[in-house]
Amino acid sequence: MTYSLAAKTSATGSPRTRFSTPSKPRLRPNPRYRQRLRAVVLGAGTVNGGVLDKIGVLSERIEIAAIVTRKSRQGHDPRQAWLTDINAAFDTGPDVVIEALPDCALAERALKLAASRGCHIISANKAVLARCPQLAGEAERHGGSLRYSAAVAGGIPVLETLTDLRKRGEVIAGIRGVLNGTSNYVLDQIERGAEREAAVKAAQRAGFAEADPSADIDGLDAAAKLVLIARKAFDLELDVDTIGRIPLSALHPGQAKAASGNRLRYRQCAELSRRNGRIKGRVDLQALANTDELTKARNEENIVVITCESGLRVQLHGKGAGRVPTADAMLTDIRDLIACEIGA
Ligand code: HSE
């Protein structure tokens, strides 16, 4: 049996809100908080730029105390401080930290600091989350929490679906999918005759690629997402460096175009499967028959197929990268936090 959810994110809202089970709301607001949560926003690039565009609709429940960027900027709203110093931002006493920085030491330090101070954390930083499995426990021990739906597959509720399936008693057998929007976009462009470098630059301009796009192209970004999926699906800690990867550079010029003449389409396939009783991760470059369900992901889309031991198959398909779907996923986490801590 296959359950199929076309998770195309629209400008009006994310499919997460329709499909996933939100955290259980409190019957009474947490007395620790005022009427509104106080937030520090770390990074104001593609993703958090999208969050800042829309967070105003939640202004009765959340206020932005400070926004931290690498270069100093001026904001128009005097209630928000634009800062370059993380410590100064934490001095504003945030209840929640909304983080969408690139993978860097500063992001890791900021998330560890937020967890140790008992802040609630909303993060899209798959690389840091993958190598810091202790963050959730650390935040919870100090009265905070960690939400990171945006870290895997942008607008597609992959992590929420895994949680829901397990709550219903399903045992996850394996996961296979396209988890990186940039590499998918680049492969589609190459198939149409574009040069790889030009396609990567176009993905950067469109806001799909990481600050360092080599993480997209060599499979490291998808491998970090597999670590987060393994955590939700199997309660298993994988080391990202043990996940085998084949980079897009393994493809010779003309190879993707030639394959399309043979009804094959190259895809960066990410997989968690059981081998010899152990869960193994792999990010591969595969020429798939154009009837293979993974080839349905076009441009920056992602697609994920979850297989359960009961025989249930769940297919999720939608926008996997970009400002709007990723920011919408962050906002869904923010709404969930508000519902949990101060009520709707
Ligand atoms: N660079 C990532 C991708 C962004 O292309 O999938 C979304 O995680």
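Which residue has a backbone N or O atom 2.8 Å from a nitrogen atom of the ligand? That residue is Phe-208. The model is a predicted one, in which local features need pLDDT of at least 70 and side-chain atom pairs count only at pLDDT 80 or more, while totals for chains, interfaces and linings use all residues. Residues are numbered from 1 along each chain as its sequence is written, and side-chain values use heavy atoms, with hydrogens and water left out.

The shell is made up of Lys-126, Asn-180, Gly-181, Thr-182, Phe-208, Ala-209, Glu-210, Asp-216, Asp-221, Lys-225, Gly-320 and Ala-321, where being near the ligand takes one heavy atom within 4 Å of it. By class, that shell comes out as 3 nonpolar, 4 polar and 5 charged residues. Helix H8 (181–191) and helix H11 (220–234) each put at least two residues into the shell; helices here are DSSP runs of H or I with at least four residues, strands are runs of E with at least two, and both are numbered from the N terminus.

On the polar side, Thr-182 has a polar side-chain atom 2.6 Å from an oxygen atom of the ligand. Lys-225 also reaches a ligand oxygen, with a side-chain N or O atom 2.9 Å away. Of the 250 Å² of accessible area that the ligand has on its own, the protein covers 94% (Shrake-Rupley areas with a 1.4 Å probe; for residues, only the protein chains shown count as cover). The space that the ligand takes is the largest pocket. A pocket, on a 1 Å grid over the protein atoms alone, is an open set of points with protein on both sides within 12 Å along at least five of seven lines, and a molecule sits in one if more than half of its atoms lie within 2 Å of its grid points.

Asn-125 counts as buried because its relative accessibility is 3%, the cut-offs being under 20% for buried, over 50% for exposed and partly exposed in between (1.4 Å probe, protein chains only). The side chain of Asn-125 makes a polar contact with that of Glu-99 at 2.9 Å. Such a contact is a pair of N or O atoms within 3.5 Å; within protein, one must be able to donate a hydrogen and the other to accept it, and residues adjacent in sequence count only if both atoms are side-chain atoms.

Most residues other than glycine have a negative phi. Arg-263, though not a glycine, has a positive phi of about 60 degrees. Its loop runs between helix H12 (255–261) and strand S10 (264–275), and Arg-263 counts as exposed because its relative accessibility is 63%. Asn-299 is not a glycine either, and has a positive phi of about 50 degrees. Asn-299 is in the loop between strand S11 (278–289) and strand S12 (301–308), and at 25% relative accessible area it is partly exposed.

Ala-153, from the loop between strand S7 (145–147) and helix H7 (158–167), has its C-alpha atom 6.8 Å from that of Ala-321, 168 residues away in sequence. With 0% relative accessibility, Ala-153 is buried. Gly-50, in helix H2 (46–54), is 275 residues from Pro-325 in sequence and 9.1 Å from it in space, C-alpha to C-alpha. Gly-50 is also buried, at 5%.

Note on methods: 1 Å grid on protein atoms, 1.4 Å probe; cavity = no way out; pocket = protein on both sides within 12 Å on 5 of 7 lines; lining within 4 Å. Nonpolar A, V, L, I, M, F, W, Y, C, P; charged D, E, K, R; others polar.
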